[in-house]
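Here is a friendly note to go with your first look at this model. Have the viewer open beside you as you read the points.

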Amino acid sequence: MRKNDLCLSSEGAEVILATSSDEKHPPESMIDGNPDTFWTTTGMFPQEFIICFHKHVRIERLVIQSYFVRTLRIEKSTSKEPVDFEPWIERDLVHTEGQLQNEEIMARDGHATYLRFVIISAFDHFASVHSVSAEGIAVSNLSS
């Protein structure tokens with residue numbers, strides 16, 4: 001089976017919640033496949049966003065490109081609705097002056113229908129997420 005970037009909006013993924021929104025840098029920018037667009041937080045932490053796949057997926061690798069994210073927690077849910085999230089991955093990221101943080105995570109037990117990303121803390125008053133990529137395969141439709 002071909003592995004896809006399951007987080008792309010062109011693959012059917014959608015950001016269904018974000019705790020902050022700037023009209024110039026909307027949450028959808030994280031999954032549009034364009035390296036020049038991004039989502040930015042506005043103010044206090046924690047900040048979070050939820051990506052819905054609209055299908056059951058198995059994620060093998062995640063790549064998050066960001067600026068100023070200090071601690072990131074990723075939770076997953078296999079429910080048909082965005083509920084019952086369970087802790088999955090938590091990482092302290094390295095501050096990279098003047099360049100994107102490129103956090104690559106090899107995923108274990110990566111079955112999900114939703115992912116919740118919680119930016120617990122940052123290196124600055126604001127943080128930005130430029131892309132979220134999830135390499136894996138679609139397992140089944142939600143109706144299954």
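1. What percentage of the 144 residues in the chain do buried residues make up? They make up 44%, where buried means under 20% relative accessible area, exposed means over 50% and partly exposed lies in between (1.4 Å probe, protein chains only). Please keep in mind that this is a predicted model, in which local features need pLDDT of at least 70, side-chain atom pairs count only at pLDDT 80 or more, and totals for chains, interfaces and linings use all residues. Residues are numbered from 1 along each chain as its sequence is written, and side-chain values use heavy atoms, with hydrogens and water left out.

2. Now for the overall fold. The chain has 9 strands and 0 helices; both kinds of element are DSSP runs numbered from the N terminus, helices being H or I with at least four residues and strands being E with at least two. The C-alpha trace spans about 45 × 30 × 30 Å along its principal axes.

3. Contacts tell you how the chain folds back on itself. Among contacts (heavy atoms within 4.5 Å) with a separation of 6 or more, 76% are between residues 24 or more positions apart.

4. The largest nonpolar core has 31 residues, and Ile51, Ile59, Leu62 and Ile74 touch the most other members. Such a core is a set of buried Ala, Val, Leu, Ile, Met, Phe, Trp, Tyr and Cys residues joined through side-chain atoms within 4.5 Å. At least two residues of this core come from each of β4 (47-67), β5 (69-77), β6 (86-92), β8 (111-122) and β9 (128-141), and β4 gives the largest share, 7 residues. In soluble globular proteins, nonpolar side chains tend to be buried together.

5. Beyond its neighbours within four places in sequence, its contacts include Leu6, Phe53, Trp88, Leu115 and Ala134.

6. Some backbone details are worth checking. The peptide bond from phenylalanine 45 to proline 46 is cis, with omega near 10°, and proline 46 sits in the loop between β3 (39-40) and β4. Histidine 54, in strand β4, has a positive phi of about 60° although it is not a glycine; histidine 54 counts as partly exposed because its relative accessibility is 41%. Phenylalanine 68, in the loop between β4 and β5, also has a positive phi, near 70°, and is partly exposed at 29% relative accessible area.

7. Serine 9 lies between β1 (4-5) and β2 (14-18), is partly exposed at 39% relative accessibility and touches Ile31 and Asp32, leaving out residues up to four places away in sequence. Its C-alpha is 9.4 Å from that of serine 29, 20 residues apart along the chain. Valine 94 lies in the loop between β6 and β7 (101-106) and counts as exposed because its relative accessibility is 61%. Valine 94 and serine 29 are 65 residues apart in sequence, with 23 Å from C-alpha to C-alpha.
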